[in-house]
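This report covers the overall build of a chain and then the surroundings of one residue.

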Amino acid sequence: MNILFIIFILIISSIIIKIYLRLTIVKCNSQMCLIGKTALITGANTGIGYEIALDFAKRGARVILACRNEQKANEACRKIINGTGNENVVVKLIDLSSFASVRAFVEDVKKSEDHLNILVNNAAVLEVGLNSLTEDGNLLVMQVNYFSPFLLTVLLTDLMRKSKSSRIINLTSVMARVAHGFNVNKMGNAVGTLNDYGITKLCMILFTIELARRLDEREITTYSADPGLVNTEIFKQTPSNMHNLAKFFKRFFFKTPEEGAQTPIYCSVAKGIEKFNGENFVDCQKIKRYTIVERQQSKQCWDITEKIVSLKPNEIYLS
Ligand SMILES: NC(=O)c1ccc[n+]([C@@H]2O[C@H](COP(=O)([O-])OP(=O)(O)OC[C@H]3O[C@@H](n4cnc5c(N)ncnc54)[C@H](OP(=O)(O)O)[C@@H]3O)[C@@H](O)[C@H]2O)c1
């Protein structure tokens, strides 16, 4: 076949896919005002987290940007304040690769805040082939993406309970649905593959299911949210010889961070979704209900994680 003809077909197919993707982008249409509410977003200095924080600030919330890099976080904070006129946006530092940092962060939040209405566990890393260990002896991707958000959430629930109808949103990914070989008894044995990233996101789904079961839904509900494929810094690890192609591909086919933020924003503010407590959302819609196997796995996963993050007896108030 003529090479020009193949290129022509590729261009036409790409344009059709692009048009389809544009037409199927879903926006969160909720007009919910967040004046008087406090929202905390991890990894809010860039990407999807930044867009979520910007949206909450526009709605009038007090917004806590929970970030690891002070300079980047302060820049993001300034941009949000200048862009929205909402001066009630603050930075607090947290490094999710350290349980000590998570604990110090929670102490700080509890000192400065008398309520917390929305927690978005957004921060994550996609580290493929880098099997670096944290100071706590866990694979970095497991600790940043799952163990530390678990610890952070459990330690913050008593503050969140002080307001009625608080919400916890856990970011997940399509990679959770294709992750294979997950064994709850071997969570500490990850080796740093793309599959391990998927497993961390599967753990976030299981965590959300079990958290929903343990929480009183009059006080707090929880949802896992999949933003879709989004053009952000999470893909910075692309090999250099593929750099330009990958850049083009991401720009052309992936969502913008603002578009990717829509599902987590929806789960945070949409009215009447409490009946879907614990469920997984994609494109601002609930996808299939969780299965009995997932329910069993989620309980087992919780029990093992509690030990890994070393919860103290007086902190196990979700049983
Ligand atoms: N992009 C996608 O296509 C996609 C698809 C499915 C799911 N998601 C999920 O969406 C969420 C946001 O991802 P994104 O694409 O917006 O990624 P991103 O642009 O790379 O942002 C990730 C954020 O996490 C922060 N972070 C990384 N390690 C941290 C640590 N040790 N402690 C505290 N913060 C840390 C980063 O801080 P620094 O800026 O300091 O590095 C950054 O603020 C993630 O949960 C991701 O798994 C993304």
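This is a predicted model: local features need pLDDT of at least 70, side-chain atom pairs count only at pLDDT 80 or more; totals for chains, interfaces and linings use all residues.

Residues are numbered from 1 along each chain as its sequence is written, and side-chain values use heavy atoms, with hydrogens and water left out.

**Whole chain**

The chain has eleven helices and eight strands, taken as DSSP runs (helices H or I, at least four residues; strands E, at least two) numbered from the N terminus. Its radius of gyration is close to the value that the globule rule gives for 319 residues, so the chain is as compact as a globular protein of that length. The radius is taken over C-alpha atoms, and the rule is 2.2 Å times the number of residues to the power 0.38.

| Property of the chain | Value |
|---|---|
| Radius of gyration | 20 Å |
| Span of the C-alpha trace along its principal axes | about 70 × 50 × 40 Å |
| Residues that count as buried | 52% of 319 residues |

Buried means under 20% relative accessible area, with a 1.4 Å probe and protein chains only.

**Asn170**

Asn170 counts as buried because its relative accessibility is 0%. Leaving aside residues up to four places away in sequence, Asn170 touches several residues, including Asn121, Met204, Phe207 and Thr208; contact means heavy atoms within 4.5 Å. With Thr208, the side chain of Asn170 also makes a side-chain polar contact at 3.0 Å. Such a contact is a pair of N or O atoms within 3.5 Å, where within protein one must be able to donate a hydrogen and the other to accept it, and residues adjacent in sequence count only if both atoms are side-chain atoms.

Note on methods: Buried means under 20% relative accessible area, exposed over 50%, partly exposed in between (1.4 Å probe, protein chains only).
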